[in-house]
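Please have the model open as you read.

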Amino acid sequence: MGRREEFLKRNVIALTLFSFFRGFSVSGYQALFSAYMKTLGYSMTSIGAALTVSSIIAALIAPGFGGIIEYYGARITTTATGIALVAALALLAHPSPPYIVFIVSYALFMLAFSLGQPARSTLLARSVPVQRYGYYVGITVTAFAAARIVGSIASGWIALKTSYTTLFAFLAVLAAIGVSLFHILSMEPKQDSTRLRFRDVVIGAYRRALKPNPRILKLYPLLVIDRSAWSLWFPLLSAHLKAVGYNEGEIGLLYTVQSVLFALSSVPWGRIADRIGPAETIALSEAIALSAIPLLASPTPWFIAAAGMAVVGFSIAAWIPAYNKLVAQLAGDRLGEAYANANAVRSLAGTPTPSIGGYLYQASGPIVVYSVSAVLMIASALYAYKVLRCPKNRKRRKAEPNISP
């Protein structure tokens, strides 16, 4: 087995296993974090504010973390973000945590998300052939999604039958197993780079974040619009479901419906992104998500909510491989920094919107929140399709009618 093939095999296995354990833990956290706060009596406004404060931390750290990925390598930084996820879960393994604990926990969770994605994506991109990158993203995402199928419903059942304390302790143990297996099995691909002082690497990363290359800069408006659209309501979704009368077990089951569609369609969407282009796939993802808006704004009876969650899972499965491939296409040689900076832009865009969404929900109800999100999703789809499509894809499509069979 050649060196490249060894990296491919071991790192795909390591990332897939990590994705499975991480998927179980993340699904429980996402499904029940805001529901936990709602159960303890917090208003939608205060829940949104907690999410906003936590997101600021991840957004400010992300650009420097891109430099850390380049300095220390994608493997060790992926491990560090896995440890942050363990800490986020363990903090909530406490009966009736105070408000500050929810803020710190969600900040760690957002760090694990915003910083973990660029580290994992960089490791994968440096381990697999670029022509099949979307496919391998689909493989690792499928493991993540498969775990979410079990994780959401199991987490809801555990919280309902035992307690939130037991649930988050269990999820923390699973996340710890996942990150341990990843660290043992993975390998760091060698990169030819000049060894600089750590301080210079981080400062340089922030400087480049403030002055990105023009190609990656074109991606940022899409990220701002998309993240603003989703974060108005998605982090508050389980609290919304709780408010309209669903219990923890039912909420977990609804998130499982989302995960089933996510798992079944991740690999096909990865192949589609490789075939038609990532920007076109993102536009499709936004258009699909748009159809979930009216279903989740008024999620009763249960089959309406289930249909909305299924559509969301299908849309997210399209977005993830397309987004990862698009960044890799536009990034140039500093892939870790590109992913980290893109996530910093997403985090900054999503910083005020949960608080805005919580305020609008409390003041005017869910219809207003979801309507604003729908308008932003339409803008996001149009931007991806009109601005970010690869020029050669456009030329090929124009030429196709003149090609004989």
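1. Axes here are lines fitted to C-alpha atoms, for helices over the stretch in contact, and angles run from 0 to 180 degrees between N-to-C directions. Helices are DSSP runs (H or I, at least four residues), numbered from the N terminus. This is a predicted model, where local features need pLDDT of at least 70, side-chain atom pairs count only at pLDDT 80 or more, and totals for chains, interfaces and linings use all residues. Residues are numbered from 1 along each chain as its sequence is written, and side-chain values use heavy atoms, with hydrogens and water left out.

2. Helix 9 (residues 220-231) and helix 17 (residues 366-387) cross at roughly 155°, their axes coming within 8 Å.

3. Which residues of helix 9 meet helix 17? In contact (heavy atoms within 4.5 Å) are P221, L222, I225, D226, S228, A229 and W230 of helix 9, with S373, L376, M377, A379, S380, Y383 and A384 on the helix 17 side.

4. Helix 11 (residues 248-276) packs against helix 14 (residues 302-331) at an angle of about 30°, with the axes 7 Å apart.

5. Helix 3 (residues 74-91) has 18 residues, so at 1.5 Å a residue it should span 26 Å; its end C-alpha atoms are 26 Å apart, which agrees. The expected span takes 1.5 Å times one less than the number of residues. Its buried residues (under 20% relative accessible area, 1.4 Å probe, protein chains only) are A74, T77, T78, T79, T81, G82, A84, L85, A88 and L89.

Terms used:
Helix = DSSP H or I, 4+ residues; strand = E, 2+ residues; numbered from the N terminus. Buried < 20%, exposed > 50% of the residue type's maximum accessible area, 1.4 Å probe, protein only.
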